[in-house]
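Here is a short briefing on one protein chain.

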Amino acid sequence: MTDLTAHHVGLTVSNLDRAVAFYRDTLGLEVLSRFEVGGEAFATAVDVDGASGTFAHLDADGVRIELVEYDPEGPASTSALNQPGACHVGFAVEDVDAFVAGLPDDIETVSEPRTTESGTRLVFLRDPDGNRIELLGG
């Protein structure tokens, strides 16, 4: 069996330009590349007839975040974080409270920052498409 290495964490978005702006301008990630993929092989691989995708890869301190806008776009899906299949992307920050205080006014958090029983300070927020973002640290 071939050894696996991590390649990316992927998030589906409805508007790639808006999502890139959020991850770049609000979270400070560097845009590595933007590209399009389509054709029969891609549509078959993602199991969506006639699908194509417009992609952006961003760098989160060595972790590649892949944002993809699909054509055709499927229905939005929402699930509680405790439901199987739910996902989120976690980012470590030095000071959760300071980071949250520096967010633009239009970015809402799921709750105020909290300290868990294990001593981790964390907060969840959502990107423009509702994808969950966890910030954790001091």
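Helices (H or I, at least four residues) and strands (E, at least two) are DSSP runs, numbered from the N terminus. This is a predicted model: local features need pLDDT of at least 70 and side-chain atom pairs count only at pLDDT 80 or more, while totals for chains, interfaces and linings use all residues. Residues are numbered from 1 along each chain as its sequence is written, and side-chain values use heavy atoms, with hydrogens and water left out.

**Sheet**

- Two strands count as paired if DSSP finds at least two bridges between them.
- An open sheet of 4 strands runs in the order 5-8-7-6, and its pairing is mixed.
- Strand 5 (88-93) and strand 6 (114-115) are the edge strands, as each pairs on one side only.
- Strand 6 and strand 7 (residues 121-126) run antiparallel, joined by 2 bridges.
- Across this pairing, T115 stands opposite R121 in strand 7.
- In general, strands of a sheet pair through backbone hydrogen bonds, either parallel or antiparallel.

**Nonpolar cores**

- A nonpolar core is a set of buried Ala, Val, Leu, Ile, Met, Phe, Trp, Tyr and Cys residues joined through side-chain atoms within 4.5 Å.
- Buried means under 20% relative accessible area, exposed means over 50%, and partly exposed lies in between (1.4 Å probe, protein chains only).
- The largest nonpolar core has 25 residues, of which Y23, L29, I65, L67, F91, I133 and L135 touch the most other members.
- At least two residues of this core come from each of helix 1 (16-26), strand 3 (52-60), strand 4 (63-71), strand 5, helix 3 (96-101), strand 7 and strand 8 (132-137).
- Helix 1 gives the most to this core, with 5 residues.
- A second, separate core has 5 residues, including F42, A43, F55 and V68.
- In soluble globular proteins, nonpolar side chains tend to be buried together.

- Contact means heavy atoms within 4.5 Å.
- Leaving aside neighbours within four places in sequence, L135 is in contact with F91, V93, V96, F99, V100, R121, L122, V123 and L125.
- T26 sits in helix 1.
- T26 counts as buried because its relative accessibility is 18%.
- With neighbours within four places in sequence left aside, T26 is in contact with A21, F99, L103, P104 and I107.

- Most residues other than glycine have a negative phi, and most peptide bonds are trans.
- Which peptide bond is cis? The bond from D71 to P72 is, with omega near 0°.
- P72 lies in the loop between strand 4 and strand 5.
- D47 is not a glycine, yet has a positive phi of about 60°.
- D47 is found in the loop between helix 2 (40-46) and strand 3.
- With a relative accessible area of 69%, D47 is exposed.
- D61 also is not a glycine and has a positive phi, of about 55°.
- D61 belongs to the loop between strand 3 and strand 4.
- D61 counts as exposed, at 78% relative accessibility.

**Salt bridges**

- A salt bridge is a side-chain nitrogen of Lys or Arg within 4 Å of a carboxyl oxygen of Asp or Glu.
- By this rule the count is 4 salt bridges.
- R18 and D129 form a salt bridge through their side chains (3.1 Å, N to O).
- This pair links distant parts of the chain, with R18 in helix 1 and D129 in the loop between strand 7 and strand 8, 111 residues apart.
- R18 is partly exposed, at a relative accessible area of 37%, and D129 is partly exposed, at 27%.
- R24 forms a salt bridge with D25, where the closest N and O atoms are 2.7 Å apart.
- R24 counts as partly exposed at 37% relative accessibility, whereas D25 counts as exposed at 53%.
- The side chains of D97 and R121 meet in a salt bridge (2.9 Å, N to O).
- D97 lies in helix 3 and R121 in strand 7, so this pair ties together parts 24 residues apart in sequence.
- D97 is partly exposed, with a relative accessible area of 33%.

**G10**

- G10 lies in strand 1 (residues 9-12).
- At 43% relative accessibility, G10 is partly exposed.
- G10 and R34 are 24 residues apart along the chain, and their C-alpha atoms are separated by 14 Å.
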